[in-house]
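Have a look at the model first, then read on.

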Number of protein chains: 2
Amino acid sequence: MGFAETFKALSDPVRREILLLLRKGRLSAGEIGSHFDMTGATISYHLGILKKADLVFETREKNFIYYELNTSVVEEVMLWLSQLRGE
Amino acid sequence: MGFAETFKALSDPVRREILLLLRKGRLSAGEIGSHFDMTGATISYHLGILKKADLVFETREKNFIYYELNTSVVEEVMLWLSQLRGE
DNA sequence: AATCTATTTAGAAGATCTTCAAAATACCTG
DNA sequence: CAGGTATTTTGAAGATCTTCTAAATAGATT
């Protein structure tokens, strides 16, 4: 955990798009990759950063690795931000 | 504007600390710098990034440049994040 | 005008980030 | 076990980030 890693993870447009894709439910790494014009290696790199930031978690099933949103960290970030508005 | 710039700005611990300092009210660049063990040039660099992300705005007065929080962008970020939680 | 104070800009060094191609791993299926 | 599919890891290139020192700018004061 740590806000540096979380905000850094959120700072990349590809990673934000991945998070938006995952709103509808879990997706495999390949399904995620098919939405982008990048190699699977690069997608894997981005997923690793999202995972390290705890913004997603993975579940392995058969030959696939599924990724899923972790909304609890999103809550934490919003809590941090909220201290910046009102007191 | 743009979430990339905003999240990138938020990803650095020094810049987050600066934003927290500004909760209590505006501060000059020098006053901000006095809270950190870094050169004024580095603080100026960080302030520039916060400014470009619209997280702060400056007002010049006498010899000083005062920095102030811009909470409206914080709201926008929270709005973006909120689409990640609920449906 | 000369100088002092506050702050920024420029340039450079070293660290970190993003991307790819190629190789490695993991698991499934025949 | 051999081969196939899904994904990650490695290593490298080029871009961007953070920090400093030194120099430049802006405004106030003498």
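Chain B and chain A bury about 2200 Å² between them, and 76% of that is on carbon and sulfur atoms; buried area is the accessible area (1.4 Å probe) that two parts lose on being put together, summed over both. This is a predicted model, where local features need pLDDT of at least 70 and side-chain atom pairs count only at pLDDT 80 or more, while totals for chains, interfaces and linings use all residues. Residues are numbered from 1 along each chain as its sequence is written, chains are lettered from A and ligands numbered from 1 in the order in which they are written, and side-chain values use heavy atoms, leaving out hydrogens and water.

**Where the chains meet**
- On the chain B side, Met78(B), Leu84(B) and Arg85(B) lose the most area to chain A, together 27% of what that side buries.
- The contact (heavy atoms within 4.5 Å) takes 22 residues from each of chain B and chain A.
- Glu75(B) and Arg85(A) join their side chains in a salt bridge at 3.8 Å, N to O (a side-chain nitrogen of Lys or Arg within 4 Å of a carboxyl oxygen of Asp or Glu).

**Around DNA strand D**
- DNA strand D is surrounded by 22 residues (each with a heavy atom within 4 Å of it), and Gly30(A), Tyr67(A), Thr42(B), Tyr45(B) and His46(B) are the closest.
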